[in-house]
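Please look over the sequence and the model shown here before reading on. The report that follows starts from a single residue and then widens to the chain as a whole.

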Amino acid sequence: MFQPGDAGESGFQFRGGRACLDLTATVGERGGRRAERLRTPQDLARWIGAAGVAEGPPAVSRQDLAHLC
């Protein structure tokens with residue numbers, strides 16, 4: 001299990017203390033351009049597993065990812 005603020009192997013950072021806040025942190029800006037860290041269904045599955053929302057990365061479809069936008 002990742003600790004808050006620890007990017008660990010996943011590259012995701014969990015600083016918000018709640019999954020809903022940490023999910024919003026997957027979008028940022030770099031150099032004035034939007035940077036989305038969840039670009040593929042596999043990215044979302046890794047985030048869900050790393051966030052501890054599920055015991056491991058679940059199956060995620062493109063439609064699941066699209067519902068986040």
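D43 is buried, because its relative accessible area is 13%, where buried means under 20% relative accessible area, exposed means over 50% and partly exposed lies in between (1.4 Å probe, protein chains only). This residue lies in helix α2; helices (H or I, at least four residues) and strands (E, at least two) are DSSP runs, numbered from the N terminus. The model is a predicted one, in which local features need pLDDT of at least 70 and side-chain atom pairs count only at pLDDT 80 or more, while totals for chains, interfaces and linings use all residues. Residues are numbered from 1 along each chain as its sequence is written, and side-chain values use heavy atoms, with hydrogens and water left out.

**The partners of D43**

The side chain of D43 reaches the backbone nitrogen of R39 at 3.0 Å, which can be read with the rule for a polar contact: a pair of N or O atoms within 3.5 Å, of which, within protein, one must be able to donate a hydrogen and the other to accept it, while residues adjacent in sequence count only if both atoms are side-chain atoms. If residues up to four places away in sequence are not counted, D43 touches F12, R37 and L38, contact being defined as heavy atoms within 4.5 Å.

With which residue does D43 form a salt bridge? The partner is R46, and the closest N and O atoms of the two residues are 3.6 Å apart. A salt bridge is a side-chain nitrogen of Lys or Arg within 4 Å of a carboxyl oxygen of Asp or Glu, and the structure holds one. Side chains of opposite charge can pair when their charged atoms come close. D43 and R46 are three residues apart in helix α2, so they are separated by about one helical turn. An α-helix has 3.6 residues a turn, so residues three or four places apart point the same way. While D43 is buried, R46 counts as partly exposed because its relative accessibility is 37%.

The buried residues of α2 are P41, D43, L44, A45, W47, I48 and A50, and they pack against α1 and α3 (62–66). The largest nonpolar core has 10 residues in all, namely F12, F14, L38, L44, A45, W47, I48, A50, V60 and L65. The largest share of this core, five residues, comes from helix α2 (residues 41–51). A nonpolar core, in this sense, is a set of buried Ala, Val, Leu, Ile, Met, Phe, Trp, Tyr and Cys residues joined through side-chain atoms within 4.5 Å.

I48, whose place is in helix α2, counts as buried because its relative accessibility is 17%. Leaving aside its neighbours within four places in sequence, I48 is in contact with V53, A54, P58 and V60.

By the ring rule the count comes to one aromatic pair; the rule pairs rings of Phe, Tyr and Trp (its six-membered ring) if their centres lie within 6.5 Å, and planes under 30 degrees apart count as stacked, over 60 as edge-to-face and the rest as tilted. The rings of F14 and W47 have centres 6.0 Å apart and planes at 40 degrees, so this pair is tilted. Because F14 lies in the segment before α1 (19–24) and W47 in helix α2, the pair ties together parts that are 33 residues apart in sequence.

**Distances across the sequence**

The table lists C-alpha separations for pairs of residues.

| Pair | Separation in sequence | C-alpha distance |
|---|---|---|
| I48 and V60 | 12 residues | 9.8 Å |
| A51 and F14 | 37 residues | 7.3 Å |
| A25 and R15 | 10 residues | 8.8 Å |

A51 is found in helix α2 and is partly exposed, with a relative accessible area of 22%. A25, by contrast, has its place in the loop between α1 and β1 (27–30), and counts as partly exposed at 42% relative accessibility. Just after α2, G52 takes a positive phi of about 80 degrees.

**The chain as a whole**

There are three helices and two strands in the chain, and from the N terminus on the elements run α-β-β-α-α. Of the 69 residues in the chain, buried residues make up 25%. Among contacts with a separation of 6 or more, 32% are accounted for by residues 24 or more positions apart.
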